[in-house]
Amino acid sequence: MNPSDAKRGADSGTASAVQHLSAEAREPADYQLLASVFASHPDSVSVLDPDLTIRLVNPATAREVPHARTFVGRKCYDAFRAQTRPCEACPCQEALATGKPQRARAPLFDETGAVVGTMELFGFPLFDAVTGEALGVIEHARNITREVELEEKLEAWKAIGLYL
């Protein structure tokens, strides 16, 4: 395993596959396939620069955060949360700092700033497949509001002895 593979936390097989993919994805059809994979993902996926500026978002992001009129070029914390600084316990910043995937739960806000649910956020460091240089971070966000509501009901039932 070379040092850039270790930095990415990938085994040599994964690194080789990534290098093969980037070497092979030179035809327009290959780029179209990659764009289709990105666009087809049912959860919100964003690609961020190391300073948390949004570079790309998939269509699910616009569906999940309809009150944000624009995304690209804005800081993620501004576009997604209407905040002026990064979120506490940000999995994307942690992923950039550690070079490893991170996960956190965060509130889901509506356009007024009211909490309307819960998001599960994953931050994955994004490395150049050839040089190993950190290019930014991929944020994967999933709305888990329903799951959290069910967990809370289950805990309430357990508390009063209705569920063992």
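## About the model

Because the model is predicted, local features need pLDDT of at least 70 and side-chain atom pairs count only at pLDDT 80 or more, while totals for chains, interfaces and linings use all residues. Residues are numbered from 1 along each chain as its sequence is written, and side-chain values use heavy atoms, leaving out hydrogens and water.

## The chain as a whole

The chain holds seven helices and five strands. Here helices (H or I, at least four residues) and strands (E, at least two) are DSSP runs, numbered from the N terminus.

Of the 164 residues, 33% are buried, meaning under 20% relative accessible area, with exposed set at over 50% and partly exposed in between (1.4 Å probe, protein chains only). The accessible surface (Shrake-Rupley method, 1.4 Å probe) is about 10200 Å², and carbon and sulfur atoms account for 57% of that surface.

## A look at S46

Where does S46 sit? S46 belongs to strand β1, which covers residues 44-48. S46 counts as buried because its relative accessibility is 0%.

Leaving aside residues up to four places away in sequence, S46 touches L56, V57, T61, F80, V137, I138 and E139; a contact means heavy atoms within 4.5 Å.

## Helix α7

Helix α7 spans residues 145-159, 15 residues in total. From first C-alpha to last, α7 reaches 21 Å, close to the 21 Å expected, a span given by 1.5 Å times one less than the number of residues. After α7 comes G161, with a positive phi near 80°.
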